[in-house]
Each structure stands twice: as structure tokens, then as C-alpha cells.
Amino acid sequence: MVLKEKQTTVAYRCPHCGMGVVSAVDIFSLHGDMLKLKCECGGSAMTIVRSGDGKIRLSVPCLFCPNPHNFTVSSNMFFDKDIFVIPCPYTDVNICFLGNIDKVRRELELTELSLIDMLGEENIAKLSQAEDPSLLTDPQIFDIIMFVIRELDAENKIFCHCKPGDGNFEVEVTEDGIKISCKNCGASQLIPTDSLLGAHAFLHCDSLHLE
């Protein structure tokens with residue numbers, strides 16, 4: 001009698017480059033040390049550990065949160081489901097996918113579409129300093145970047161050559177990106193607007209330093 005090897009497909013979306021990271025995982029690969037599923041960009045990795053009680057512990061990078069989320073699932077849940085998705089606990093967006101490879105890839109695609117739709121529907125207000133949003137190739141990129149800039153400015157996390165709190169910032173939309181600069185000291189930073197995935201990665205920015 002030949003025992004069927006337990007195997008599943010595991011996937012997550014890299015918060016740094018936006019690519020889906022997909023890998024087959026079998027029960028024998030979890031008998032050793034921690035298993036890491038690394039994105040090719042090198043910016044993130046999902047870790048999988050099988051604990052002594054047989055449960056599977058996951059540390060999953062998140063598109064929205066600065067730190068990975070930790071989840072624990074049973075061995076049966078991990079290996080025996082055709083499809084099982086785990087959402088970010090704060091945004092309810094699916095960030096981890098387990099099961100049949102075709103269904104996992106399908107869920108990855110659906111989540112990407114839902115994410116883009118969600119960001120578009122937010123209709124984030126643009127800063128009045130922006131001169132010509134039509135220069136951008138995708139309005140969603142503008143919304144995301146301007147949202148982050150407003151949040152950082154409100155939290156006093158934009159830094160220039162002036163003393164903290166003395167900066168006088170303005171935003172300009174150019175052909176190459178969104179330029180934020182200080183009227184007082186002249187320090188500036190250009191944020192590229194040629195990639196929606198890059199804009200998603202900018203969501204994780206916790207401070208902005210103008211040079």
C-alpha cells in the first residue's frame with residue numbers, strides 16, 4: 001500500500017513588488033526547520049512552521065500593514081482544503097491562499113482585481129497644490145501617493161533641512177512623477193508614478209525624507 005503524500009499550494013502577494021508568490025508545500029518539507037517562501041524581488045518572505053502539536057503556524061506579509069500577520073491552522077485545514085483563504089484582520093482583504101494550485105491562482109487574480117477596485121472607489125481627495133493630474137498614466141496612482149503624503153504630513157513625518165515643524169511643503173505633478181518640496185529650504189523628493197504596484201508599495205512608507 002502506497003501512502004498518498006500530503007501536499008498543497010501556498011501563495012501570498014508581495015507587499016514590495018506586488019507579485020504573487022506561489023509554491024507547492026508537502027508535509028515532509030515541514031518536518032525540518034522553518035520553511036520560507038521568498039519573493040524573487042527579495043523584499044518579502046512568508047514563513048511556515050509545523051509545531052510539535054501538528055498545527056501549522058504561518059507568518060504572512062501584508063499589502064496594507066507594516067508587519068506580517070501570524071496565523072495558526074490545523075494540519076487538515078492546511079493540506080485538505082481545495083481552497084482556503086486568510087484575510088488581513090484589519091482590512092478584510094485576502095492575503096494568504098492555500099489549496100489546489102488552479103484555485104489558488106484564481107483567488108490571487110480575484111484579490112488583485114478587488115484591491116484595485118477598492119482603491120479606485122475610495123475616491124481619495126487630491127491636494128489642492130496638485131496642478132495637472134492628467135499628466136499621470138493612471139489616476140489611481142495619484143490617489144494612492146497623495147493619500148500617503150497627506151497622512152505623513154498630518155503625522156509630521158515629512159523631513160527636510162529645516163528644523164522639525166518649520167517645513168513648508170508643496171506638491172507638484174510632473175511628467176516624471178509627483179514632486180514634494182519645501183519652499184523654505186528647497187529640499188525635494190520625486191515619487192515615480194509609472195507603476196500601480198509601486199504605488200501600492202508606497203502605502204508602507206512610514207516617513208519621507210527630502211534631499
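I take two strands as paired if DSSP finds at least two bridges between them. Helices (H or I, at least four residues) and strands (E, at least two) are DSSP runs, numbered from the N terminus.

**Entry 1: the model**

I am working from a predicted model, where local features need pLDDT of at least 70, side-chain atom pairs count only at pLDDT 80 or more, and totals for chains, interfaces and linings use all residues. Residues are numbered from 1 along each chain as its sequence is written, and side-chain values use heavy atoms, with hydrogens and water left out.

I looked up the confidence next. pLDDT is the predictor's confidence in each residue, from 0 to 100. The protein chain has a mean pLDDT of 79. I note that 82% of its residues reach 70 or more. Residues 120-137 have a pLDDT below 50. That stretch still has 26 contacts in the model beyond near neighbours in sequence. Contact means heavy atoms within 4.5 Å.

**Entry 2: strands S5 and S6**

I checked how S5 (residues 56-60) meets S6 (residues 69-73). The two run antiparallel and are joined by 5 bridges. Ile56 has Val73 in S6 as its bridge partner.

I then looked at the two faces of S6. His69, Phe71 and Val73 make up the covered face. Asn70 and Thr72 make up the uncovered one.

Ser75 touches Gly54 and Ile56, leaving out residues up to four places away in sequence. Is Ser75 buried or exposed? Ser75 is buried, at a relative accessible area of 14%. Buried means under 20% relative accessible area, exposed over 50%, partly exposed in between (1.4 Å probe, protein chains only).

**Entry 3: the sheet of 4 strands**

I traced an open sheet of 4 strands in the order S2-S1-S8-S7, with antiparallel pairing. Strands of a sheet pair through backbone hydrogen bonds, either parallel or antiparallel. S2 (20-26) and S7 each have a single partner strand, so one side of each is left without a neighbour in the sheet. Neighbouring strands are turned by 20° against each other on average, direction ignored. Those angles run from 0 to 180 degrees between N-to-C directions, with axes as lines fitted to C-alpha atoms, for helices over the stretch in contact.

S1 (residues 7-13) and S2 pair over 7 bridges. Thr9 stands opposite Ala24 in S2.

**Entry 4: the sheet of 3 strands**

I found another open sheet, of 3 strands, in the order S10-S11-S12 with antiparallel pairing. S10 (169-173) and S12 (188-192) are the edge strands, each pairing on one side only.

S10 and S11 (residues 177-182) pair over 5 bridges. Phe169 has Cys182 in S11 as its bridge partner. S11 and S12 also pair over 5 bridges. There, Lys179 has Leu190 as its partner in S12. These two strands form a hairpin with 5 residues between them. Gly186, in the turn, has a positive phi of about 85°.

**Entry 5: cysteines**

How many disulfides does the structure hold? I count 0. A disulfide is a covalent bond between the sulfur atoms of two cysteines. The cut-off is a pair of cysteine sulfur atoms within 2.5 Å.

Cys41 is partly exposed at 44% relative accessible area. For Cys162 the closest cysteine sulfur is in Cys182, at 3.7 Å, also too far for a bond.

I placed Cys88 in the loop between S7 (83-87) and S8 (94-99). Cys88 is buried, with a relative accessible area of 1%. Beyond four places in sequence, Cys88 is in contact with Cys62, Cys65, His69, Val93 and Ile95.

**Entry 6: salt bridges**

I count 3 salt bridges. Each needs a side-chain nitrogen of Lys or Arg within 4 Å of a carboxyl oxygen of Asp or Glu.

- Asp82 pairs with Lys103, the closest N and O atoms being 3.6 Å apart. Asp82 lies in the loop between H1 and S7, and Lys103 in helix H2 (residues 101-121), 21 residues apart.
- Arg106 pairs with Glu109, also with 3.6 Å between the closest N and O atoms. They are 3 residues apart in H2, so about one helical turn separates them.
- Lys157 pairs with Glu155, at 3.5 Å between the closest N and O atoms. Lys157 is partly exposed at 33%, and Glu155 is partly exposed at 44%.
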